[in-house]
Amino acid sequence: MKFLLENYKKLIFVLIILILIVFIGVSSSSYDMSAAENGTGNVVSKIQGVFFNIGKTFSNAAYSIRNVSKLNERNEYLENSLYELMDENRRLKQIVNRSEVLKAEYELQKNIEYDYEKCQIISKDDSSWFTRFTVNKGSNEDLKKNDIVIKAVETDDGIVQIGLLGIVTQVGDNWSKVITITDEECKVTFKDIENDQAGIMSGSIDQKISGYFLNNKVVASLGDEIFTSGIGNIYIKDIYIGKISMIEDTTDASTSRIYIEPIVDFSNIYDVYVLKVER
Amino acid sequence: MKRVLMFLMILFGVIMQTTLLSFFSIREVTPNIIILLLIIFSFSTDFFTSIALALFAGLISDFLILNTIGINVLSYFVIAYACNCLKYEMDLDKKIVYVATVVVATLIYHGITLFVMFFLGYNVSHIYYIAEKILIQSAMNIALFFIVRKFIFFIFKILKVKFDEDLNEI
């Protein structure tokens with residue numbers, strides 16, 4: 001008894017450490033959100049949304065002030081592009097109106113698009129070890145685990161494309177946790193559209209995305225565009241990921257490791273789209 | 001009332017950490033305000049309160065962002081335990097003691113996270129990338145510590161809640 005009274009702090013320390021180790025082990029293999037997490041997030045997510053918007057406002061204001069001259073140039077460029085696009089649009093409308101076949105194709109494409117939900121990011125992980133964030137929608141809006149998170153990005157050619165951002169890992173009532181493709185836990189099967197070969201990639205703690213082709217005899221080139229392959233039924237196919245930025249021979253020289261520059265700018269994301277995929 | 005205020009400040013700190021503070025980063029590194037709060041509170045409260053604050057801060061942080069519960073809890077718990085147990089061995093009148101505590105606490109936080117990630121199977125060979133971020137975060141934490149401390153003293157003074165026996169204004 002005397003021993004317990006004299007050393008209660010150390011005993012509490014050891015006991016809590018052991019409990020936490022068990023906790024970490026159990027929660028790392030469990031994939032669903034617990035009731036405590038859901039309850040906490042339901043309450044806190046509203047407040048987080050307010051503060052995140054405040055931060056976004058200040059950040060955008062600071063960006064605008066720093067880039068006034070660049071914004072004017074950009075505005076002029078966009079105005080010129082708009083006139084060209086309007087002209088082309090008029091020309092294309094004439095072609096479409098004359099063609100029943102094109103009309104039917106347009107209707108078909110509208111019907112096969114995935115249902116999506118526009119979400120706002122309400123908090124980000126700050127630890128430097130993970131690249132994760134939470135969004136302000138959850139099961140109330142029919143979001144589910146493994147729904148794909150995307151963002152519209154403008155490529156170098158001025159074309160707006162869908163860029164892969166990440167995947168929903170846990171869903172609460174009105175909030176969800178998202179893991180990005182630069183996180184090590186996120187593994188994506190890809191295909192190189194130049195050589196039509198598939199591979200697997202993942203992020204890392206230095207937020208670089210790297211991977212390798214399933215066929216070790218594949219020859220890839222810098223700048224090859226990488227899309228999701230759809231293998232594994234997690235990520236739907238043909239979502240743009242990025243371009244190959246570096247190719248490195250592995251130590252045994254039997255395969256090459258490729259590094260991919262993602263098309264999405266992860267430092268500047270506020271609003272995202274979640275594709276609701278029926279599986 | 002003092003304890004309630006401390007818990008509320010920890011909750012506020014966690015919310016700020018994941019929202020506003022992410023916009024004030026240097027080379028994608030944000031200061032860790034929760035470590036600062038835990039150090040300040042652990043030096044001025046009893047053992048059980050400091051442990052409870054650490055567990056609360058860790059659980060809220062893990063619930064809101066991570067899929068694995070316990071990583072932040074473990075780090076914050078060790079920091080709070082160490083600060084509370086060692087506070088009588090340290091001369092808390094000197095600024096350098098606080099600076100050293102902040103640096104060590106930041107290193108403990110990342111060290112424990114690295115340790116846990118290694119055992120969870122993460123590839124931690126790119127530790128050099130994180131090492132630079134740890135240094136930057138340590139510097140940011142030191143710069144913020146005295147501001148946060150003054151702010152806490154101010155809040156307690158405004159609300160007429162006794163913070164410590166001697167309010168050491170630095």
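The points below take a surface patch and then the cavities.

1. A word on the source: this is a predicted model, so please read every value here as computed from it.

2. On the surface, a nonpolar patch is formed by A:Met1, A:Phe3, A:Leu4, A:Leu5 and A:Leu11. Together these residues have about 580 Å² of accessible area. Helix α1 of chain A (residues 2-6) gives the largest share of the patch, 3 residues.

3. A:Leu11 sits in helix α2 of chain A, residues 8-29. Its relative accessible area is 36%, and patch residues need over 30%, so A:Leu11 qualifies on that count while being partly exposed.

4. The largest cavity holds about 80 Å³. From chain A, its lining has A:Asp125 and A:Asp126; from chain B, the lining residues include B:Gln17, B:Thr18, B:Ile34, B:Tyr76 and B:Tyr109. Two elements of chain B, α1 (2-18) and α4 (71-86), each give two or more residues to this lining. By type, the lining has 5 nonpolar, 4 polar and 2 charged residues.

5. The second largest cavity has a volume of about 40 Å³. The lining divides into 5 nonpolar, 3 polar and 1 charged.

Definitions and conventions:
Residues numbered from 1 in each chain as written. Chains lettered and ligands numbered in written order. Predicted model: local features only at pLDDT ≥ 70, side-chain atom pairs only at ≥ 80, totals over all residues. Heavy atoms only, no water. Patch = residues over 30% accessible without salt bridge, like charges linked within 9 Å, V, L, I, M, F, W, Y side chains within 5 Å. Areas by Shrake-Rupley, 256 points an atom, 1.4 Å probe, with all protein chains shown as cover. Salt bridge = Lys/Arg side-chain N within 4 Å of Asp/Glu carboxyl O. Helix = DSSP H or I, 4+ residues; strand = E, 2+ residues; numbered from the N terminus. Buried < 20%, exposed > 50% of the residue type's maximum accessible area, 1.4 Å probe, protein only. 1 Å grid on protein atoms, 1.4 Å probe; cavity = no way out; pocket = protein on both sides within 12 Å on 5 of 7 lines; lining within 4 Å. Points joined across faces, edges and corners; volume = space filled by probe spheres on them. Nonpolar A, V, L, I, M, F, W, Y, C, P; charged D, E, K, R; others polar.
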